[in-house]
Amino acid sequence: MCQLFIGADPDHWSQRTKSLRIDGVATSIRLEVFFWTTLEEIGARDELTVNQLITRLYREALEADHDMGNFTSFLRVCCARYLSLIAAGEIPADPSRRLREVDAVSILARERQRDRLRPGQTHASERPRPV
């Protein structure tokens, strides 16, 4: 079983740092090459550069009142969810299909339903909030 994972190209987990500006503030993000490649694919679907995609994700996450304390983890989860949603058939695998055209509300509702059915799944809404 592990051969499937350990036999992969080691370049996938080598890290790369990218410098960019978000709202005029210079920052650096360090991610594995696999995630940079996935972010490139996500952005390309809506004709965005990786920098534009990251800036948009950051702004919209803040507008949604998300804690961006660990933004690189957020980006990794975005990539994992993108691939998971393709595998589940929720979004088309065809990279020419724009993500902004999918019915995000319906997809999120079905995803929440699937998450509820997973044993041991803890939801943010069920966790106690820090005081």
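**Helix packing and salt bridges in a predicted model**

Good morning. The crossing of helices α2 and α4 is left-handed, a crossing being called left-handed if the near helix is turned anticlockwise from the far one by less than a right angle, and right-handed if clockwise. The contact is made by F34, F35, T38, L39, E41, I42 and R45 on the α2 side and by R76, C78, C79, Y82, L83 and I86 on the α4 side; contact here means heavy atoms within 4.5 Å. By class, that contact has 9 nonpolar, 1 polar and 3 charged residues. In this classification Ala, Val, Leu, Ile, Met, Phe, Trp, Tyr, Cys and Pro count as nonpolar, Asp, Glu, Lys and Arg as charged, and the others, Gly among them, as polar.

Before I continue, a word on the source: this is a predicted model, in which local features need pLDDT of at least 70 and side-chain atom pairs count only at pLDDT 80 or more, while totals for chains, interfaces and linings use all residues. Residues are numbered from 1 along each chain as its sequence is written, and side-chain values use heavy atoms, with hydrogens and water left out.

Two packed helices are described by the angle between their axes and the distance between the axes. Here α2 and α4, the latter covering residues 71–87, pack at an angle of about 65° with their axes 9 Å apart. The axes are lines fitted to C-alpha atoms, for helices over the stretch in contact, and the angles run from 0 to 180 degrees between N-to-C directions. Helices (H or I, at least four residues) and strands (E, at least two) are DSSP runs, numbered from the N terminus.

Let me turn to one residue of this contact. T38 lies in α2, which spans residues 33–45. Is T38 buried or exposed? At 6% relative accessibility, T38 counts as buried; the term means under 20% relative accessible area, with exposed over 50% and partly exposed in between (1.4 Å probe, protein chains only). Leaving aside residues up to four places away in sequence, T38 touches C79, Y82 and L83. The T38 side chain also reaches the backbone oxygen of F34 at 2.9 Å.

I now come to the charged pairs. The structure holds 8 salt bridges, each defined as a side-chain nitrogen of Lys or Arg within 4 Å of a carboxyl oxygen of Asp or Glu.

One of them joins D23 and R59, with the closest N and O atoms 2.6 Å apart. D23 lies in the loop between β1 (15–22) and β2 (25–32) and R59 in helix α3 (residues 50–63), so the pair ties together parts that are 36 residues apart in sequence. D23 is partly exposed at 49%, and R59 is partly exposed at 40%.

Another is formed by E111 and R81, where the closest N and O atoms are 2.4 Å apart. Since E111 belongs to helix α5 (residues 104–117) and R81 to α4, this pair ties together parts that are 30 residues apart in sequence. E111 is buried, with a relative accessible area of 14%, whereas R81 is partly exposed at 31%.

R118 forms a salt bridge with D115, at 2.5 Å between the closest N and O atoms. R118 is partly exposed at 41%, while D115 is buried at 16%.

Thank you for your attention.

Key: Polar contact = N/O pair within 3.5 Å; in protein donor to acceptor, adjacent residues only side chain to side chain.
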